[in-house]
There are 2 protein chains.
Amino acid sequence: MTKRSVPATRVSPYSYVAGRLRLLDQRRLPHEEAFVDCESAAQTAEAIRSLAVRGAPLIGVAAAYGLCAEARRVVARVPDDLDIALALAAERLVSSRPTAVNLAWAVGRMRAVVEASSGGAAGERVLLLEAEADRIAEEDRLACLAIGRFGAAWLSARWSGLVGIPTVLTHCNAGALATAGIGTALGVVRALAVLGPVAILADETRPYLQGARLTAWELREDGLDVTVLPDVAAASLIARGRVHGVVVGADRIAANGDVANKVGTYGLALAARAHGVPFVVAAPTTTIDLATRDGASIPIEERDGREVVALPLPGGGTVSLAPDGVGALYPAFDVTPAALVDAIVTERGVSEPPHAQALARFAAP
Amino acid sequence: MTKRSVPATRVSPYSYVAGRLRLLDQRRLPHEEAFVDCESAAQTAEAIRSLAVRGAPLIGVAAAYGLCAEARRVVARVPDDLDIALALAAERLVSSRPTAVNLAWAVGRMRAVVEASSGGAAGERVLLLEAEADRIAEEDRLACLAIGRFGAAWLSARWSGLVGIPTVLTHCNAGALATAGIGTALGVVRALAVLGPVAILADETRPYLQGARLTAWELREDGLDVTVLPDVAAASLIARGRVHGVVVGADRIAANGDVANKVGTYGLALAARAHGVPFVVAAPTTTIDLATRDGASIPIEERDGREVVALPLPGGGTVSLAPDGVGALYPAFDVTPAALVDAIVTERGVSEPPHAQALARFAAP
């Protein structure tokens, strides 16, 4: 086995040691590699809400470790309050962002450990919680590897007649910075890079610029070939035959296969379909929400319009992009109908339309 | 007649007095109302190239006055060189930007005056050129008014069952800042506002932010209701039924009705069609290029990718939006196929698909 036969990454967006969750502050990339330390659930919820940490799978992992940090903090002070403190902390973490279902899922697993260990010694319960958080992270790491392999195989099969280097377009950041592993969409990209050269086009992803700041940064860290483009240019490049596959992540996948993901995904799916370019959603099965029937039932986070017209500067402060007093809208996610999604790649396999049956199988416990 | 019965604007993007073309510097809006003075064709060409002045109809007007400024400059120094100087100046102006056909059209009209007046007194020839530039500007001003009325009537007819305030979405800036009048797309908006309340959604239009900076500024100046959104949010708002019409300008319309316009227009047209929302292109007949058969023959300006990843700051300098060393693509325009365009609104009437016949009639001399 050569060095390059397993997709990997140098990027590590979090660490957890004895009650301290250290998060790479994604608001400050690519200008600075700074960290946010969370030693309570409140600090972790604030890091999630303020987007210091983001990415559907990763905020699940962060919330799990945030509960561990909270447990250590409470046990050191008022160990008798552990159950009440963790119940409140779990609520706070789940409500820190509304769209990604992984957050509620990870907190749900931690809650089950809290309940199962009820009545046990406080110190031991903390260790049980930390073991569960480690399992959630390790499962996500392995899921990314499997997603990468499934996705690369699925796309490669569609490129059998392709001459030259294939180009994959992605939106937002569904990479190492969004997961505990090599990423979902970027996991597919990294797995493709093991098979041969691949070029990556990264939508800059306004207004938060996850593509320009995060996807470009993490792919460059791993020595991959990445080019940034304004979101509005994607449809035109697809129309000109310069894109061979679109691969994105997901924040929630409804039972029928409708996909909620970073706003802009739906427009990409329309353009890909108009030109017969494969449109692939890569996500762990924890993103599938069988309790949500279709996209219309997914809550879409409306963020503050000021985040659109005030661009944060690396040195602090913001620069205004629009005239004073003009309002702005910022729906953070959109819904892509299942029929436009050619493949939903999970760690358990690939779903093709109609998606409902395969998704039910993949998401079964 | 009440004050509001004729659509109007307070915004004036240029003035010309005796050899000096004064342009409102659109790079510095909305932070500052600064001006660029052009007293030669070279300065005018640089103002066009560097986007101090932009908008397909307006760069035609600016180029015409730039030739007048050049003529005054040459006549004051070496009047015998006038023909050679104007021929070189015309070349320089036409090549300052490649996509908009109005530029070549306006310069062509000025060249005809140069030729027709050949052999005449130099001072008199300057006055003939200035009269022609004034005519070009006045024709554009009147064209905007007619476009506004035709467009407002066409859209209103489609909104007969609509309850509540209609919402128009626009991309880039096809307004008073892009013309010598009330604008093309925003001319339609201003004409709608005379008929009744209308809400305007302005795509921010990355990377140059013409929507957030210019469209928002000029509509606010005129007291209209404008909200900015990230370009990526448009498809999602259209899907949710929150947009009743999409109205954009054009940089060049091919004989078959394919439309070159600011990159991002094509994606909007796909989304509008997917949800049955009228998609309207508003442009003077000078934008129609019968010599260009279809969109594939329109040259698409590729601007420097650095303009995508380096955002200019109001106080000077730039802020980097992506990691150092990561490349970027910036195709400045895209092509929307004629079949997706429900109406092309010109000062001579409205073309509906298939567009070829009506366009040929409208563009006939």
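Guide: I start inside one chain, with a pair on a helix. Arg141(A) and Glu138(A) are three residues apart in helix α5 (residues 122-158) of chain A, so about one helical turn separates them. Their side chains meet in a salt bridge, with N to O at 3.0 Å. The model is a predicted one. Arg141(A) is partly exposed, at a relative accessible area of 36%, and Glu138(A) is partly exposed as well, at 34%.

A second pair within chain A is Asp304(A) with Arg306(A), whose side chains form a salt bridge at 2.6 Å, N to O. Asp304(A) counts as partly exposed, with 34% relative accessibility, while Arg306(A) is exposed, with a relative accessible area of 60%. Also in chain A, Arg97(A), Glu301(A), Arg303(A) and Glu307(A) are joined into one network by salt bridges that share partners. Over all chains, the structure holds 48 salt bridges.

Now to the part you asked about. Between chain A and chain B the count is four salt bridges. One of them joins Arg206(B) to Glu204(A), with the closest N and O atoms 2.6 Å apart. This pair crosses between chains: Arg206(B) sits in the loop between β5 (199-203) and α7 (210-221) of chain B, and Glu204(A) in the loop between β5 (199-203) and α7 of chain A. Arg206(B) is buried, at a relative accessible area of 3%, and Glu204(A) is buried too, at 0% relative accessibility. The cut-off for buried is under 20% relative accessible area.

Across the interface of chain A and chain B, 16 residue pairs are in polar contact, with both residues at pLDDT 80 or more. On the side of chain A that touches chain B, the elements giving two or more residues include α7 (210-221), β6 (225-229), α8 (234-239) and α9 (265-274) of chain A. By class, that side of chain A has 35 nonpolar, nine polar and 10 charged residues.

β6(A) is joined by two bridges to strand β14 (residues 327-328) of chain B, and the two strands run parallel. Within this pairing, Val228(A) has Ala328(B) in β14(B) as its bridge partner.

As for extent, 54 residues of chain A are in contact with 54 residues of chain B. The size of an interface is often given as the accessible area lost when the parts come together. Here the area buried between chain A and chain B is about 3900 Å², and carbon and sulfur atoms give 72% of that. In chain A, the residues that lose the most area to chain B are Val232(A), Leu321(A) and Leu329(A), which together make up 16% of what that side buries.

Thr265(B) lies in helix α9 (residues 265-274) of chain B and is buried, with a relative accessible area of 1%. A polar atom of its side chain lies 2.7 Å from the backbone oxygen of Lys262(B). Leaving aside neighbours within four places in sequence, Thr265(B) is in contact with His171(B), Val248(B), Phe279(B), Asp334(B) and Thr336(B).

Key. Residues numbered from 1 in each chain as written. Chains lettered and ligands numbered in written order. Predicted model: local features only at pLDDT ≥ 70, side-chain atom pairs only at ≥ 80, totals over all residues. Heavy atoms only, no water. Helix = DSSP H or I, 4+ residues; strand = E, 2+ residues; numbered from the N terminus. Buried < 20%, exposed > 50% of the residue type's maximum accessible area, 1.4 Å probe, protein only. Polar contact = N/O pair within 3.5 Å; in protein donor to acceptor, adjacent residues only side chain to side chain. Contact = heavy atoms within 4.5 Å. Buried area = accessible area lost by both parts, 1.4 Å probe. Nonpolar A, V, L, I, M, F, W, Y, C, P; charged D, E, K, R; others polar. Pairing = 2+ DSSP bridges.
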